[in-house]
Amino acid sequence: MTLVGSLPVTEPIPPVINTSPLIFLTKEDLLTLLQTRYSTVLVPTTVAKEIQQYGPLDLTYQTIQKMDWLMMVDTPPASAELQACNLDAGEASVLAWACAHPGTEAILDDLAGRRCAERLGIPIRGTLGLVLAAKQQGHIPEAKPVIERLRQTGMYLSDRVINKALALVGESL
């Protein structure tokens, strides 16, 4: 049991997610990977606005409108330390939320955002980490085909990173 404020909470603190993981997971019909791990996922309004800029015909835009387990949250102000990271608005809003709510996992792929999160002591997971966790928990039979689909969608992952990730779940490229 975790305490948030003075109220006991039996579920883990919901993670907060950035734009790119939402886009990649939606394009490949993999949002269920989030649901296998979390009952609620927080989406900062800044991230939602980034997605809304793609317009109402965009698949990710349509998806976030109808998923009731994706909960929109207002972005708190960023600390000076976070502002010094010079991140784009989406990553900054995700990390600002996580800073204001200790213990919140940030789901983001951007390397600069991940490095900033590490400096700030924020737990992080990327899209690749979600795939590996799904494989380890038996939600998908193999990680490799899912990773290949994500790469085909435009997610950049080097062969070195993929080999290292696949080795963690007993697979190879």
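## Helix 6 and helix 7

Helix 6 (residues 89–100) and helix 7 have axes that come within 10 Å and cross at roughly 20°. That makes the two helices roughly parallel, a term for angles under 35 degrees. Axes here are lines fitted to C-alpha atoms, for helices over the stretch in contact, and angles run from 0 to 180 degrees between N-to-C directions. The helices themselves (H or I, at least four residues) are DSSP runs numbered from the N terminus, as are strands (E, at least two).

The crossing of helix 6 and helix 7 is right-handed, meaning that the near helix is turned clockwise from the far one by less than a right angle. E91, L95 and C99 of helix 6 make the contact with G113, C116, A117 and L120 of helix 7, where contact means heavy atoms within 4.5 Å.

A word on the basis: this is a predicted model, in which local features need pLDDT of at least 70 and side-chain atom pairs count only at pLDDT 80 or more, while totals for chains, interfaces and linings use all residues. Residues are numbered from 1 along each chain as its sequence is written, and side-chain values use heavy atoms, with hydrogens and water left out.

## Helix 3 and helix 6

Helix 6 also packs with helix 3 (residues 45–52), at an angle of about 155° and with the axes 8 Å apart. Helix 3 and helix 6 are therefore roughly antiparallel, the term for angles over 145 degrees. Their crossing is left-handed, with the near helix turned anticlockwise from the far one by less than a right angle. On the helix 3 side, T46, V47 and E50 meet A89, G90, S93 and V94 of helix 6.

## Helix 1 and helix 4

How do helix 1 (residues 19–27) and helix 4 (residues 59–66) cross? Their axes come within 9 Å, at roughly 95°, so the two are roughly perpendicular, which covers 65 to 115 degrees. L22, I23, T26 and K27 of helix 1 touch L59, T60, T63 and I64 of helix 4.

## The largest pocket

The largest pocket has a volume of about 700 Å³, taken as the space filled by probe spheres set on grid points joined across faces, edges and corners. A pocket is an open set of points on a 1 Å grid over the protein atoms alone, where a 1.4 Å probe fits, with protein on both sides within 12 Å along at least five of seven lines.

Its lining has 26 residues, with D109, R114, L128, L157 and V161 nearest the centre; lining residues have an atom within 4 Å of a point. Helix 8 gives the largest share, six residues.
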